[in-house]
Amino acid sequence: MNTVQRAALAAAQFGTGTVNIPVVSTATNTAYSTITPYATNSNNVSNGTRALTAVNNGVVNMGANFVDTNPNVDGNQGGYLSASDFNNFTSAQQQTILNAMTKAFTNDPNNYGPTYLTNLNNTFKSAAEGQYVAPSNLNFTNGNAANGSTFTGDQLMSYIRSNPSLMTLQSPKYPQFVVPASSGNTIQVVWNTINYTASNAYNGTIGQPVNVYYTFTD
């Protein structure tokens with residue numbers, strides 16, 4: 001205890017009420033700026049740059065209409081099926097769905113043929129291009145800089161380059177339904193992810209959000 005605190009205790013009298021002891025918090029309030037990631041498709045710059053949405057799950061938050069959505073009952077139960085639900089099926093259950101898709105692909109190509117698969121795959125891929133799995137820390141502290149102090153884009157990029165989890169963000173995985181050339185018309189599923197690589201950032205102020213720009217390719 002310091003001198004002031006000891007004096008406060010020494011002045012106390014039994015039964016007279018409370019004793020006030022001045023204390024100073026030892027906690028450090030670190031000033032920081034929250035990073036907001038934006039992404040541009042390097043293969044299609046004309047689509048512009050858009051903010052990415054943080055997700056906590058590892059599977060893209062999107063669904064679509066399938067010829068069969070319930071592998072546990074006989075016959076096709078068509079309707080909406082999310083990527084997460086499909087991912088949670090067992091391998092055997094997924095294969096039941098894929099078998100139903102293959103049969104429809106062969107017997108009803110006007111509704112479930114190549115055009116259907118292309119649209120289905122684009123739905124999941126487009127959704128994944130706007131999402132990223134949030135890392136544990138998206139805050140830029142710039143050392144011990146005080147709240148309200150300024151920093152340069154170069155300082156921010158140096159910080160990001162030193163943090164692999166910030167330098168490369170990754171989308172949740174998303175399904176793509178393909179017909180390999182060697183499999184006839186048998187539909188298979190592959191899971192892909194998109195890597196977003198930090199490219200540049202602008203000057204900012206500690207305590208205010210800051211944009212960081214990422215690029216990715218199809």
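Reader: What is the bridge partner of A201 in strand 14, and what makes strand 12 and strand 14 a pair?

Author: The bridge partner of A201 is V212 in strand 14, where strands are DSSP runs of E with at least two residues and helices are runs of H or I with at least four, both numbered from the N terminus. Two strands pair if DSSP finds at least two bridges between them; 4 bridges join strand 12 to strand 14, which run antiparallel. Strand 12 is also joined by 3 bridges to strand 9 (residues 168-170), again antiparallel, with Y196 of strand 12 as the bridge partner of L169.

Author: As to provenance, this is a predicted model in which local features need pLDDT of at least 70 and side-chain atom pairs count only at pLDDT 80 or more, whereas totals for chains, interfaces and linings use all residues. Residues are numbered from 1 along each chain as its sequence is written, and side-chain values use heavy atoms, with hydrogens and water left out.

Reader: Why is Q176 called buried?

Author: Buried means under 20% relative accessible area, with exposed over 50% and partly exposed in between (1.4 Å probe, protein chains only); Q176 has 12% relative accessibility, so Q176 counts as buried. Q176 belongs to strand 10 (residues 174-178), and its side chain reaches the backbone oxygen of N121 at 3.0 Å.

Reader: How do you know that the buried residues of helix 6 line one face?

Author: In helix 6 (residues 153-161), the buried residues are G153, L156, M157 and I160. Seen down the helix axis, they fall within an arc of 95° (taken over the directions from the axis to the C-beta atoms), so they line one face of helix 6. Among the elements they pack against are strand 1 (33-41), strand 12 (195-201) and strand 14.

Reader: What makes the pair formed by the side chains of Y213 and N211 a polar contact?

Author: A polar contact is a pair of N or O atoms within 3.5 Å, and within protein one must be able to donate a hydrogen and the other to accept it, while residues adjacent in sequence count only if both atoms are side-chain atoms; the Y213 and N211 side chains make such a contact at 3.5 Å. Y213 lies in strand 14 (residues 210-216), and, neighbours within four places in sequence aside, its contacts (heavy atoms within 4.5 Å) include Y38, T49 and T197.
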